[in-house]
Amino acid sequence: MTIQAFSYLAPPIVFGVHSAEKIGEHIARLGASHVLLISDRGLEKAGLVDQLTSWIQKSGFSVTRYTDIEPEPSINNVRACVSFARSAGCDLVVGMGGGSAMDCAKVVAALLGNDGDIMDYLGMNKVPRKGVPTILLPTTAGTGSEIGRGALFHVPERNAKEAVFSAYMLTDLALIDPALGLSAPSSVTAASGLDALCHAIESYTGRAANPLSMPFAELGIQWIYRHLASAVENGSDLTAREGMSLGALYASIALANANTHAVHALAYPLQGYNRIVHGKANGVLLPYILKAISAAAPQRFVQIAGWLGLDTASFSAADAGVAVADAITRLSAQIGIPTKMSALGVARDQLELFTREASQINRLLDNSPLVLASDQIYQIYLEAL
Ligand SMILES: [Fe+2]
């Protein structure tokens, strides 16, 4: 047998401009009557929470809303939401927002069907049974939360981001309406778009890449690279928003089936200690890590360079990683993402601590095409400083 064995996981997906307006049809199909809508204050101010509420109510369902979700939420934030949800008596959870709101929605839905505290379920497959159904609506093209079975939270006691992973948290519907992203601020579009690009590139270059994840990663890289700058520069450009939503969807499917590796691992300490948002932390590190690991998978970087429109005849395979990294650095500068960690407040005396912490994230580092030793990780941080 020459074809690598693989498994594949993705939830039901509905994609299209204005598809969110028909959310009531999906709630009816799932047999629910009382919806808990989880979102955040920013989307409430932008009017999206009212808009979605009215679409749900028009279909005859009642809605209870919870919008106190913080960016990069802590487990305490989730606990408050779970406590609210348990007293509200809802039979379906709708999560609308970026990764924070959708991750909370997945865990809250799981805890509506299971007793105990979120701390009981941190880790792999510790959720014993499915909770209530969920519908997830991303308003940023990037996190991939609507496709995956994981949810990530800040644990203050350990100053770390930790995940609940369970097949029971795969959503009952990823409802992807690119029009919901029209009001996203350019900084959010830039950071979440670079996160999506990391998902596509890491899943394509990682050891877990497989025959079904790789075509999705390829399409993700192409669509995101083509549309990200336009979506940042003109947020009301619906073609760019659609392109980013589709690119991020491709990347999210690749992510859910082949995972990320070194970029996400090294970005964790930046998020935990300096509270740098996920997409920015990944984006600032991406070019430096690609340069460091590309020698372990040169042909994959030649292919990526071609998808970015680079002239692959003008450099050797050994230099493809540098060419890809330089193209991404130019894109980051164009969309306002810092290309050095010091611009995000990281200090040199933090790098040893960051190196110690990142070195322990084996579930991601083991997926890197080049397994990075501690001194290599320190060197990457130093170059990115
Ligand atoms: Fe990510």
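User: Why is the pair of Y66 and F84 called tilted?

Analyst: The ring centres of Y66 and F84 are 5.1 Å apart and the planes sit at 50°, so the label is tilted. Y66 belongs to strand β3 (residues 62-66) and F84 to helix α4 (residues 75-88), so this pair ties together parts 18 residues apart in sequence. Helices (H or I, at least four residues) and strands (E, at least two) are DSSP runs, numbered from the N terminus. This is a predicted model, where local features need pLDDT of at least 70 and side-chain atom pairs pLDDT 80 or more, while totals for chains, interfaces and linings use all residues. Residues are numbered from 1 along each chain as its sequence is written, and side-chain values use heavy atoms, with hydrogens and water left out.

User: Are Y66 and F84 buried or partly exposed, and how do you know?

Analyst: Buried means under 20% relative accessible area, exposed over 50%, and partly exposed in between (1.4 Å probe, protein chains only). Y66 has 9% relative accessibility, so Y66 is buried. F84 has 30%, so F84 is partly exposed.

User: What makes F354 and Y381 an edge-to-face pair?

Analyst: The two rings are 5.7 Å centre to centre, with 65° between the planes of F354 and Y381. F354 is in helix α13 (residues 351-359) and Y381 in helix α15 (residues 374-384), so the pair joins parts 27 residues apart in sequence. Both F354 and Y381 are buried.

User: What makes a set of residues a nonpolar core, and which residues have the most contacts inside the largest one?

Analyst: A nonpolar core is a set of buried Ala, Val, Leu, Ile, Met, Phe, Trp, Tyr and Cys residues joined through side-chain atoms within 4.5 Å. The largest has 82 residues, and those with the most contacts inside it are L266, L270, L285, M341 and Y381. Helix α8 (residues 238-258) gives this core its largest share, 10 residues. A second, separate core has 30 residues, including Y66 and V82.

User: How do you know that V108 is buried, and what does V108 touch?

Analyst: V108 has 1% relative accessibility, so V108 counts as buried. Contact means heavy atoms within 4.5 Å. Leaving out residues up to four places away in sequence, V108 touches L36, I38, C81, V82 and A85. V108 is in helix α5 (residues 99-111).

User: Which atoms coordinate the iron ion, and what makes an atom a donor?

Analyst: Donors are N, O and S atoms within 2.8 Å of the metal (3.2 Å for Na, K and Ca); water is not among the atoms, so sites may look incomplete. D195 (OD), H199 (NE2), H264 (NE2) and H278 (NE2) coordinate the iron ion at 2.1 to 2.2 Å.

User: Why is the site of the iron ion called irregular?

Analyst: Four donors are tetrahedral if all angles lie between 85 and 135 degrees; four are square planar and six octahedral if opposite donors are over 155 degrees apart and all others between 65 and 115; anything else is irregular. The angles among the four donor atoms of the iron ion span 83 to 168°, and the site is irregular.

Key: Rings of Phe, Tyr and Trp (its six-membered ring) pair if their centres lie within 6.5 Å; planes under 30 degrees apart count as stacked, over 60 as edge-to-face and the rest as tilted.
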